[in-house]
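Open the model in your viewer and keep the selection tool ready. We will go from stop to stop.

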Amino acid sequence: MIKMFINNLEVQAEEGWTIRDACEFYGLEIPTLCYNPGLSNFGGCRLCLVEVGHAPNTRLVSSCTYPCEEGLNVHTDTKRAIKARKMMIELMLSVAPGSKVIQDLASKFNVTQMRFDVRNEECILCGLCVRMCAEQMDGKAIGFQNRGYKRKISTPFDAKSKVCRECGGCMYICPACQARCQGPNAEDPVCNACLQLEPTCVDVYDEATCWMYDVGRCGTCVRPSEEESTEQEAGSK
Amino acid sequence: MTDIKLKSFEDLKQKIKQESLRKEKEKHTVLTVSAGTCGQARGSLKVVEALERTIKDKKLEDRVIVKVTGCHGFCEAEPNIIIHPNNLFYQNVQPKDAEDIIQQTVINDTVIDRLLYKEHDTGELKSTGPEIGFYKKQMRNVLGDNEYIEPLNIDDYFAVGGYSALVKTLQEMSPEEVIDEVKRSGLRGRGGAGFLTGNKWAFSRKAKGDKKYIICNADEGDPGAYMDRSLMEGNPHRVLEGMMIGAYAIGADEGYIYIRDEYPVALKHINVAIQEAEAHGLLGENILGSGFNFKVRISRGAGAFVCGEETAMIASIEGGVGIPRQRPPFPAVKGLWKKPTNINNVETWGNVPLIINRGADWYSKIGTNGSKGTKIFSLVGKINNTGLVEVPMGITLREVIFDIGGGIPEGKDFKAVQTGGPSGGCLPKEKLDLPIDYESLTQAGSIMGSGGMIVMDENTCMVDVAKYFLNFLRDESCGKCISCREGTQRMWEIVNKISGGRGKMADLDLLEELAEAVKDASLCGLGQTAANPVLSTLRYFRDEYISHIRDKKCPAGVCKELITYSVIPENCTGCLACKKVCPSDAVSGELKEVHIINKEKCIKCGACFEACNFDAIKVE
């Protein structure tokens, strides 16, 4: 067992755990995006940043890749970490404003402005699909190409891959592929509709008029309970 | 062929003695021609050819030797020749000078004035190297031997006492003693981060494992930096010797040299050096009968800046994509092929034989409290004496730039110096008296880095400089972390907007906030320092950003979208020179009439400005 400190609490972590694993075990929520329990740890989205070390020599590390160490001093939600996370969300949002996952993160972390020129690329290069294909589907049909701002995910030589079985695993796990709500702010780069306390829809809309017809109902509209609806049905009859 | 293999310490000592005696006894005149990559580019090999031909013609083969050495450091004076034994220093030698050099200097023993170096400020002629301002304040502990050694000839290295540190290490010292000596010397990594080399070795020594590796980092990627290249080209055995000592101290039996493929000369020299060392029994099994085994392999880098980062380099050597990974586990514990690995920079390895030979006490006397020894800088940019300078730590920037570098050409004003490559920062005039060591540079918002030093004059636009480095970094980021990949791209976009006159004042705050986030959130050294060019220029040259944004003006007259070219009528003689060179027919006017530049047609290429001999073109 490794003895360490998270938010000034002495905790014990098992050998081989990352800081994120330890936080999860102790019920501390760490935001993640490129992390998935079924895949290897990547550390590309930089959302799970936590502050380690003793003041004034602290630094931010990605908790999903940093191993637990004896005596490590971790603080999960410092101002510095939150500030960096918010910037990461704004950066991701600027390339994938159409992603529900990232829009939700923006609302959750109170990212309310978009100061960059939006570029609808939709891929944030989190690498989930690459790992999914290689580690769960045993495919290795896709991978990263180039570096820097030219980096992209594709099949070798951008040609149809012979090892791809078209299983759809990559699409299943992609956070950018999950289309955002078509709520009232659907055109804005930052939706933030979830920040409003009152539900977006107070009435029940049928499928043809629902904002979210394409993506499935969000559940915020006021629906009659089952009893009520059977009563209503009986009454109408 | 006689067996050249050295089988014992005595053999090697004998060999060193014999070679040094040979050098002393030599009655020859030795012409050493600098022929590093830069010297060769300036035509030094043609000079060598011409010299050899002249010597043959005059039948002086048994009196004169021409030596093709590595870089002598003084790039401005390339190709240069040092004539031993008088140490005569001839600069900018052309093949046509060969005849004169042989006839007048070698045969008649007279000095050719036109080939001597002339000081920029005083105009004095200097006949030997050490007299020249460029060399006077330098302390060429590591680079100095470049002047004497033919890098392709191991005997030359023996002649300057080469491999004596290896003998001392293997014969007299235990690995712990070697580490202790390096620790006491205070040597810090010359690659940039400045970690104490002795401590790093100790970690690797302590790490559990029967197989350990060492790596020599020769993936020098900073624009304008070429210290490591020159050392590898000019004195490859020194680097090898350092590696052998390190391997012995750590307990490694295999080493890699990760060298970028853009360095063909260095690659060739180090390859020959390894072959020669193997032939002499200095690499391989049971070296000099000591029971110590060590072999060196070469791994060629494919030109990715990020591969200079330790873990990315390891990934690249293993055949993977050069992407850094989380540390810990540190390479000292789990490195190449998951074995304990110690990585040091070329210059660091080059310092090791010196420490062993002269002792930690001697070494630690050079430099400041926290930074010991000498550091090689490549002094480039708007500077009179471009070249490689090796100076003791603690020397001020002013001494390097004005005393050694000879100041700014054409009497222009100094504006800034950029240290540490793309990850470094720009320091202004007020920081000129800053002593150069790891701490003070970091405090001032720059870094020591690997030793690039780019001098900028008043005609340099700092926004443009930041844009240049950001463009480099957005290209060279590995792209794993969103902070670095998207952060450098967005910073570049914002700075690009500002340099185009489309910036807003709010952009400056955003730029600062983003820069801090990139610095904080990124995994490796590249991302963590990627914001330095922005942060340091914002810190010291904020007014330039503001005039780009508010006044839509580029004070230095560099940013194309904000400048206009016009003719100063009083100075214009109507010579048509500008009209002839203008590629877009923007200049109108007849012979002996004042010309006019049509601003709508002008593409701001600056050709008219270059062509005008009467200072009649104004840039605003």
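At what angle do helix α3 and helix α4 of chain B pack? Select residues 44-57 of chain B for α3 and residues 98-107 of chain B for α4. They pack at an angle of about 45°, with their axes 8 Å apart. Axes are lines fitted to C-alpha atoms, for helices over the stretch in contact, and angles run from 0 to 180 degrees between N-to-C directions. The angle makes α3(B) oblique to α4(B); angles under 35 degrees count as roughly parallel, over 145 as roughly antiparallel, 65 to 115 as roughly perpendicular and the rest as oblique.

Before moving on, two notes. This is a predicted model: local features need pLDDT of at least 70, side-chain atom pairs count only at pLDDT 80 or more, and totals for chains, interfaces and linings use all residues. Residues are numbered from 1 along each chain as its sequence is written, while chains are lettered from A and ligands numbered from 1 in the order in which they are written.

From α3(B), pick B:Val47, B:Ala50, B:Leu51, B:Thr54 and B:Ile55. From α4(B), pick B:Ala98, B:Glu99 and B:Ile102. Two residues are in contact if their C-beta atoms, placed from the backbone, lie within 7 Å. By class, this contact has 6 nonpolar, 1 polar and 1 charged residues. Ala, Val, Leu, Ile, Met, Phe, Trp, Tyr, Cys and Pro count as nonpolar, Asp, Glu, Lys and Arg as charged, and the others, Gly among them, as polar.

Next, the sheet of chain B. Its 4 strands run in the order β2-β1-β3-β4, form an open sheet and have mixed pairing. Strands pair if DSSP finds at least two bridges between them. The edges are β2 (64-69) and β4 (88-90) of chain B. Zoom in on β3 (residues 81-84) of chain B: 3 bridges join this strand to β4(B), and the two run antiparallel. B:Ile81 has B:Tyr90 of β4(B) as its bridge partner. Now bring α3(B) back: the helix lies across β1 (29-34) and β2 of chain B, at about 170° to β2(B).

Last stop: residues 227-234 of chain B, helix α10. Is this helix enclosed or exposed? 8 of its 8 residues are buried, so α10(B) is largely enclosed by the rest of the structure. Among them are B:Met227, B:Leu231 and B:Gly234. A residue is buried if 20 or more other C-beta atoms lie within 10 Å of its own, with C-beta atoms placed from the backbone.

Definitions and conventions
Buried ≥ 20, exposed ≤ 12 C-beta atoms within 10 Å, placed from the backbone.
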